[in-house]
Amino acid sequence: MLARLLIVSNRLPVSVEEGKKGWELKPSVGGLATGLSSFHAAGENLWIGWPGTSHESLRNHKRHIQQILEDHRFIPVWLSAEEVHAFYYGFSNRTLWPLFHYFPQHAVFEKRFWEGYCNVNEKFAETVSSVATESDILWVHDYHLLLLPALLRKEFPKAKIGFFLHIPFPSYEVFRMLPWREEILQGMLGADLVGFHTYSYVSHFLDCVHALLGHEHVLGEIALGERRVRVDAFPMGIDWKRFSDAAHDPAVAREAARIRRSEDLRVLLSIDRMDYTKGIVERLLAFDEFLSRNPRFKERVILLMLLVPSRTRVEEYRELKKRVDELIGQINGKHGTVAWTPIRYLYRTLPFPNLLSLYQAADVLLVTSLRDGMNLVAKEYVTTKADGRGMLVLSEFAGAALELPEAIQVNPHDITGLAEAIRQALTMPEREKIRRMRAMRERLRRHDVYHWASSFLRVLQEVSEVKVAPLKPKDRHELKTAFHVASARILFLDYDGTLVPLVSDPQEAMPDEALITLLRDLALLPRTEVVVVSGRSREVLDAWLGDLPLGMVAEHGGWIKEKGGPWISWGVNIDPAWKRRIRPILEEFVERLPGSFVEEKTFTLAWHYRRAHPQVAKTLARELKNVLVELTAHTELQVLEGHKVIEVKAGPFSKGQAIRKWLAKRRWEFILACGDDRTDEDMFRALPKDAWTIKVGRGHTQARFFLTHPRELREVLASLLLP
Ligand code: GDG
């Protein structure tokens, strides 16, 4: 049986209105509504959200309306006027919206808005929990519900939970301004799959998760204990067929002709919500400049603007409306003639067929967003203009810009550039327009909204079932049996963080008597080799473990020593000149971070920060890593991040490569590898699938099992000595 899909969004895709025949459901037309409606229509799927009216205003009709909604498999979340004020107008639209669109100057950080947001997210969680089961697929949408995935995870630990953000995710420098930034990230990480429109939003999110919560990712996958969270880009498409069919609808064509009035008139069109992110003022200023610089277009072009009223209770939106009204008046007054008003302006929503006629009528669509998660209007226009006789001017700050490179792309802050783009779009030869529009249209056909939703749901289904498991007593028993029956056995053991806990001074991590005895006893077992695989220098390993019958790897594979043999170097021909370039950078960071220090080894320079203030260290470590990764790109140097250490390593060797030396020696019937940080992952990767691999500590790993402390690993190793 197919799992049931529960879509959760702030607004239901319908509103309830009192019509002639009583209460009716009116579908709302928007990208999300059309995109998911066919998924909602199938099977027993449900859509959960706010119906858009406060429950006070419904008075005693609430029960009846609830029934109508439920009959259509819509589950309402009822909100009071006060909740709507704090949650919707407050935190969602006055905190998150401006901040995520890089308008921090408009963002308010008010505790009561935040509290309202938390309460309403809880309320959503309660409603979802009242209808959901563990086997459902839960798909949560957008910035209003960032806390919901984690709340649902608590209720349904095993359910598949997806989250998609429809607006941009800002860079760390902006996101960190949010006083409740950790809570927001934790909320989102409750999902198994977190989706964004573009890869840059993905990388901003991963950056923030690393910087603020300390979780690393490997190829967009974050390990949280036994759970994994996949983060990926799913650029949203449109209902291609619906817009494409409109191109052949005679009624749409008739209305389009009426809008154009005359074949000689060129129509520039823009459609957006009245929102400061959409670059409406910049568009008007550019049109003004265009008219001033190109007088030959006088009386031959109009700018038709459909501005949809939005969030009118929010101060910034009211101010914008005022500014736009004034500007339009000024520009029309300045350039207009008795017979010609350059800007025609509608401030309302239009029925869907009228929207199509506008698209059809337009010679050029202007999308000038200062920031836009995606922008579906751009895609809808290109699709509706089936004959290709149109052109799109598109802001490079809209997510859609990545998929529509054939558009005339603009920086909306550059008013002169924008004015020039308008001229270019109006004068572009027809063949060129058709060529560009075709290429874009074809791409949009393949990546329509159904493709978007089904790819998201497919990945959500797939999100790795394979989880790192704790090494349970049953596994310990199995491991011991496997060890005992094998005729050739090898153990690869990392040192710091694996055999001994991390301490603030690395010199203090010397092995205790119990560890020395344990390693000696293991190494003396018949048919058994023990190799310590470390990032430490060979001098330290010699001093601490040199008397034991062990194999050793130092400097992450830079040096190798077989039992009883000499140290052999892999990096013989490496010119140490690189250290002169890198060392001063590390030293500068030592200056900046009291308690941190530099360690030099033959092939590595390491900056340790385990003794420093953790919060400050985290920020500086991130900065240093970025600097080093930039500097070492296209060189033989590698930047490694270990536990509270960042190292630059010369040469192509790794722990993975080093242990191949032993793997190639013979066929081992039992292999055990244990490690605690990223550098050990190379070792895990180099091993055959049936090897026993254990990570000490939490976090992302290729290992099959984890243990939480070196103490536990020592117990497991000691058990191998027993019959
Ligand atoms: C958010 C993100 C992201 C507009 N006016 C009328 C009307 N519309 C329809 C359009 C289009 C939708 O509304 C607007 O979508 P956009 O993508 O352009 O912008 P936002 O509303 O800001 O949407 C955005 C989107 O979510 C999806 O993830 O692309 O970046 O900000 O479908 O056709 N529809 C009708 N009458 C109108 O007057 N019927």
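**Close-up 1. Polar contacts between side chains and the ligand.** In this predicted model, a polar side-chain atom of Asp372 sits 2.5 Å from an oxygen atom of the ligand. Lys278 also brings in a polar side-chain atom, and here the distance to a ligand oxygen is 3.0 Å. Then there's His197: an N or O atom of its side chain is 3.0 Å from an oxygen atom of the ligand. How much of the ligand's accessible area does the protein cover? On its own the ligand has 730 Å² of it, and the protein covers 87%.

**Close-up 2. The shell around the ligand.** There are 23 residues around the ligand, and the ones that come nearest are His166, Leu350, Asp372, Met374 and Glu380. Sort the shell by residue type and you get 13 nonpolar, 6 polar and 4 charged. Which domains does the ligand lie between? Domain 1 (5–233) and domain 2 (240–446) both give residues to the shell, so the ligand lies between the two.

**Close-up 3. Phe169 and Phe196, an edge-to-face pair.** These two rings are 5.8 Å apart centre to centre, with 75° between their planes, and the pair is edge-to-face. Phe169 is in the loop between β7 (160–164) and α6 (172–175), while Phe196 belongs to strand β8 (residues 193–196), so the pair ties together parts that are 27 residues apart in sequence. Buried or exposed, these two? Both Phe169 and Phe196 are buried.

**Close-up 4. Phe234 and Phe456, linking distant parts of the chain.** The ring centres of Phe234 and Phe456 are 5.1 Å apart and the planes meet at 65°; planes over 60 degrees apart count as edge-to-face, so that's what this pair is. Phe234 is found in the loop between β11 (227–233) and α9 (240–246), and Phe456 is in helix α17 (residues 449–462), which puts the two residues 222 residues apart. Phe234 and Phe456 are both buried.

Methods: Residues are numbered from 1 along each chain as its sequence is written. This is a predicted model: local features need pLDDT of at least 70, side-chain atom pairs count only at pLDDT 80 or more; totals for chains, interfaces and linings use all residues. Side-chain values use heavy atoms; hydrogens and water are left out. A residue is near a molecule or strand if one of its heavy atoms lies within 4 Å of it. A polar contact is a pair of N or O atoms within 3.5 Å; within protein, one must be able to donate a hydrogen and the other to accept it, and residues adjacent in sequence count only if both atoms are side-chain atoms. Accessible areas come from the Shrake-Rupley method with a 1.4 Å probe; for residues, only the protein chains shown count as cover. Ala, Val, Leu, Ile, Met, Phe, Trp, Tyr, Cys and Pro count as nonpolar, Asp, Glu, Lys and Arg as charged, and the others, Gly among them, as polar. Domain bounds come from an automatic or database domain assignment. Rings of Phe, Tyr and Trp (its six-membered ring) pair if their centres lie within 6.5 Å; planes under 30 degrees apart count as stacked, over 60 as edge-to-face and the rest as tilted. Helices (H or I, at least four residues) and strands (E, at least two) are DSSP runs, numbered from the N terminus. Buried means under 20% relative accessible area, exposed over 50%, partly exposed in between (1.4 Å probe, protein chains only).
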